[in-house]
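Visitor: I have a new model open and I'd like to learn how to read it. Can you walk me through?

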Amino acid sequence: MRRDVFQAIADPTRRAILGLLVAGAMTPNAVAEHFDSTRQTISKHIQILTECEIVTQKKTGREIYYHFNPEKMKEIDIWLERFRKMWEDSFDQLDNLLNDL
Amino acid sequence: MTNSFVFEADMAAKKIYMSREFNAPIEKVWRAFTEADLLDKWVGPKPYKITTKIMEFKVGGIWLYAMVGPDGPVGWSRAEFTAIENGSYFYSINMFSDENGSTVEGAPSSVTETKFSSIEGNRTKVEVVKAFTHEATIKMFAEGGFKEGSAMGYNQLDELLAAEEAKF
């Protein structure tokens, strides 16, 4: 099954995990300590975030650290900005048209 | 300026909300959104514009139009109207299509609600809510735009939008 950024952010727990990782890389245990859910549940969420490529893992010594990948979010921002601009321009053109109508 | 353009994206819900106020009475704004010859005059960022091929503004009818650049059409889109309350709102399903209005497999689509209300001073507020549906749409979002959808001329549209950005 294909994963995407929307699946990453669709779930409140995953959004909370991302919120933590934005502040700095963490081990899975450190992430799990912030939640009441079982470690297994949190680890499943982290796995989904990793499959969405919004979180990457790096091994440092014996520990695995999870890092937030801002590039993935930036892609959404760029698309949205283009979409926004297109409509803003069109609406400005509509102002002119309405003046003449 | 009084245009008060609002643009908000709720990524988790896959929705985009826009609103805009216009210095014209609701009847005129309604016409500008629903009559082909008027739509052709304002939709699309310069130097691109749209050219309507079919406009059947009724429930079950479609609006089929091309995005046209200096070198001709760069892509087609269609909207199918699913609900209309004259002078108040309409709903449509929007997607990319070919020039005959046939939808392309895997083409992203959105359900769009366009709502009109009168505001003070004989002005009009238009609110647009776009709810994106297909997996392909999500993919398009997540991969940064129209990069992969070559079947539907997304590449051209991407260039179009990039060209537009470059002007600013």
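This is a predicted model: local features need pLDDT of at least 70, side-chain atom pairs count only at pLDDT 80 or more; totals for chains, interfaces and linings use all residues.

Visitor: Then which pattern does chain A follow along the sequence?

Guide: Reading along, chain A goes α-α-α-α-β-β-α. That is five helices and two strands.

Visitor: What share of chain A is buried?

Guide: To be buried, a residue needs 20 or more other C-beta atoms within 10 Å of its own. In chain A, 23% of the 101 residues are buried. As for contacts with a separation of 6 or more, 55% of them in chain A link residues 24 or more positions apart.

Visitor: Which domains does the assignment give for chain A?

Guide: The domain assignment lists domain 1 (1-68) and domain 2 (70-101). Taken over C-alpha atoms, the centres of these two domains of chain A are 33 Å apart.

Visitor: Now the strands. How do β1(A) and β2(A) pair?

Guide: First the general idea: in a regular strand, side chains alternate between the two faces of the sheet. In chain A, β1 (residues 55-60) and β2 (residues 63-68) run antiparallel, with six bridges between them. For a pair to look up, T60(A) has E63(A) in β2(A) as its bridge partner. The two strands make a hairpin with two residues between them, and G61(A) in the turn has a positive phi of about 65°.

Visitor: And in chain B, which strands does β7(B) pair with?

Guide: Start with β6 (residues 89-97) of chain B: seven bridges join it to β7 (residues 109-119) of chain B, antiparallel. There, S92(B) has T112(B) in β7(B) as its bridge partner. β7(B) is also joined to β8 (residues 123-132) of chain B, by 10 bridges and again antiparallel. One pair to click on is S117(B) with its bridge partner K125(B) in β8(B).

Visitor: Which residue takes a positive phi in the hairpin of β7(B) and β8(B)?

Guide: That's G121(B), with a positive phi near 80°, in a hairpin that has three residues between the strands.

Definitions and conventions:
Residues are numbered from 1 along each chain as its sequence is written. Chains are lettered from A and ligands numbered from 1 in the order in which they are written. Helices (H or I, at least four residues) and strands (E, at least two) are DSSP runs, numbered from the N terminus. A residue is buried if 20 or more other C-beta atoms lie within 10 Å of its own, exposed if 12 or fewer, and partly exposed in between; C-beta atoms are placed from the backbone. Two residues are in contact if their C-beta atoms, placed from the backbone, lie within 7 Å. Domain bounds come from an automatic or database domain assignment. Two strands pair if DSSP finds at least two bridges between them.
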